[in-house]
Amino acid sequence: DELNPNKDSNAARANEAVGNMADLSSTKQGWGQGRNKNELNQPIGSLDFQNKYGKYDAFFISPNANKNIYLTFDEGYENGYTAKILDTLKEKKVSAVFFVTYDYVDRNADLVKRMIAEGHIVGNHSYSHVSYPDVSVEEAKADLMKLHDYMKTNFNYDMKLFRFPCGEFSEQTLAMVKECGYKSLFWSYAYKDWDVDNPVGSDEAFKLITENAHDGAIYL
């Protein structure tokens, strides 16, 4: 439950001033869970960052050692697999989070409508897929809310989960995203489906996914 979207009004939160962020670090950080694990197969990096940044409603792993695995998909582009993924999720009665950009939503409105209709969460992956620490806090906020407002206007859907483009963030941008009423969702295991030149096949993919399973896992 701690990863479920909150029920606060994004619109009301977004109307608040960004506030004084000068005391928070603007240093860009790139996220990767690393290879070191504890006795529960949980990435040490995810646990450390959860302890450090959880106060900003950021999740690098579930902070509770539950038996859940959270499935997330980044939809920066559509390579022909999303419909099949949705078919499988429906067959297995499993819900997932799909993080979308404006470009993806604009080109795949029917798939986004299907995600919503079939009970999945559609998350905000930014409007323009810019690295938020590379722009001002105000510009990052405007980008985030631009997609939020687009989804509200065109799909009557309130987004409440955010994933930073490229996993790049700063303490300032974590605070800004929280102030907009969002939770930031990172990951504790990432499958390298973006490396299209080195496909491993379904058997090896299954092995990688299952060998890296752990309590409270957030899969990308």
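**View 1. Cys 166, an exposed cysteine of the predicted model.** The relative accessible area of Cys 166 is 51%, where exposed means over 50%, buried under 20% and partly exposed in between (1.4 Å probe, protein chains only). Its sulfur lies 20 Å from the closest cysteine sulfur, in Cys 180, too far for a bond. Residues are numbered from 1 along each chain as its sequence is written, and side-chain values use heavy atoms, without hydrogens and water. Because the model is predicted, local features need pLDDT of at least 70 and side-chain atom pairs count only at pLDDT 80 or more, whereas totals for chains, interfaces and linings use all residues.

**View 2. Cys 180, a buried cysteine.** With 1% relative accessibility, Cys 180 counts as buried. A disulfide requires a pair of cysteine sulfur atoms within 2.5 Å, and the count by this rule is zero. Cys 180 is accordingly in no disulfide, the nearest cysteine sulfur, that of Cys 166, being 20 Å away.

**View 3. Side chains of strand 4.** Strand 4 spans residues 97–100; strands (E, at least two residues) and helices (H or I, at least four) are DSSP runs numbered from the N terminus. Val 97 and Phe 99 point one way, Phe 98 and Val 100 the other, and all are buried.

**View 4. Strand 4 and its pairing with strands 3 and 5.** Strand 3 (residues 69–75) pairs with strand 4 in the parallel sense over four bridges, pairing being defined as at least two DSSP bridges between two strands. Asp 74 stands opposite Phe 99. Strand 5 (residues 121–124) also runs parallel to strand 4, joined by four bridges, and Ile 121 is the bridge partner of Val 97.
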